[in-house]
Amino acid sequence: MSIPNNPAILLSYINTKLRDEFSSLDELCKSLCISKSDIEKKLASIGYVYSEETNSFK
């Protein structure tokens with residue numbers, strides 16, 4: 001599965017998937033066979049961190 005490379009587009013993509021399809025970041029990453037740490041690092045580069053409470057990057 002190819003995911004967006006641009007961090008701003010990736011943010012929108014991941015948050016939409018979390019809202020509509022997955023109950024956690026772990027579940028999303030496992031299902032899409034992507035690295036959780038890579039996603040967290042890329043989104044941290046634009047100031048976003050994952051919130052388990054809201055199941056989204058803020």
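**View A. Surroundings of I14 in the predicted model.** In this predicted model, I14 touches L25, L28, I39 and F57, when residues up to four places away in sequence are not counted. I14 is also listed, together with L18, L28, I39 and F57, among the residues that have the most contacts inside the largest nonpolar core.

**View B. The largest nonpolar core.** This core has 14 residues, and helix α1, helix α2 (25–32) and helix α3 each supply at least two residues of it. As a general background to such a view, nonpolar side chains in soluble globular proteins tend to be buried together.

**View C. The packing of helix α1 against helix α3.** The axes of α1 (residues 7–20) and α3 (residues 36–44) come within 9 Å and cross at roughly 125°, and the two helices are therefore oblique to each other. The crossing of α1 and α3 is left-handed. On the α1 side the contact is formed by P7, L10, L11 and I14, which meet I39, K42 and L43 on the α3 side; the residues of this contact divide into 6 nonpolar, no polar and 1 charged.

**View D. The lysine K17 in helix α1.** K17 lies in helix α1 and has a relative accessibility of 16%, so K17 counts as buried, because the cut-off for that class is under 20%. When its neighbours within four places in sequence are left aside, K17 is in contact with F22 and L28, and L28 is one of the residues that I14 touches as well.

Conventions
Residues are numbered from 1 along each chain as its sequence is written. This is a predicted model: local features need pLDDT of at least 70, side-chain atom pairs count only at pLDDT 80 or more; totals for chains, interfaces and linings use all residues. Side-chain values use heavy atoms; hydrogens and water are left out. Axes are lines fitted to C-alpha atoms, for helices over the stretch in contact, and angles run from 0 to 180 degrees between N-to-C directions. Helices (H or I, at least four residues) and strands (E, at least two) are DSSP runs, numbered from the N terminus. Angles under 35 degrees count as roughly parallel, over 145 as roughly antiparallel, 65 to 115 as roughly perpendicular and the rest as oblique. A crossing is left-handed if the near helix is turned anticlockwise from the far one by less than a right angle, and right-handed if clockwise. Contact means heavy atoms within 4.5 Å. Ala, Val, Leu, Ile, Met, Phe, Trp, Tyr, Cys and Pro count as nonpolar, Asp, Glu, Lys and Arg as charged, and the others, Gly among them, as polar. A nonpolar core is a set of buried Ala, Val, Leu, Ile, Met, Phe, Trp, Tyr and Cys residues joined through side-chain atoms within 4.5 Å. Buried means under 20% relative accessible area, exposed over 50%, partly exposed in between (1.4 Å probe, protein chains only).
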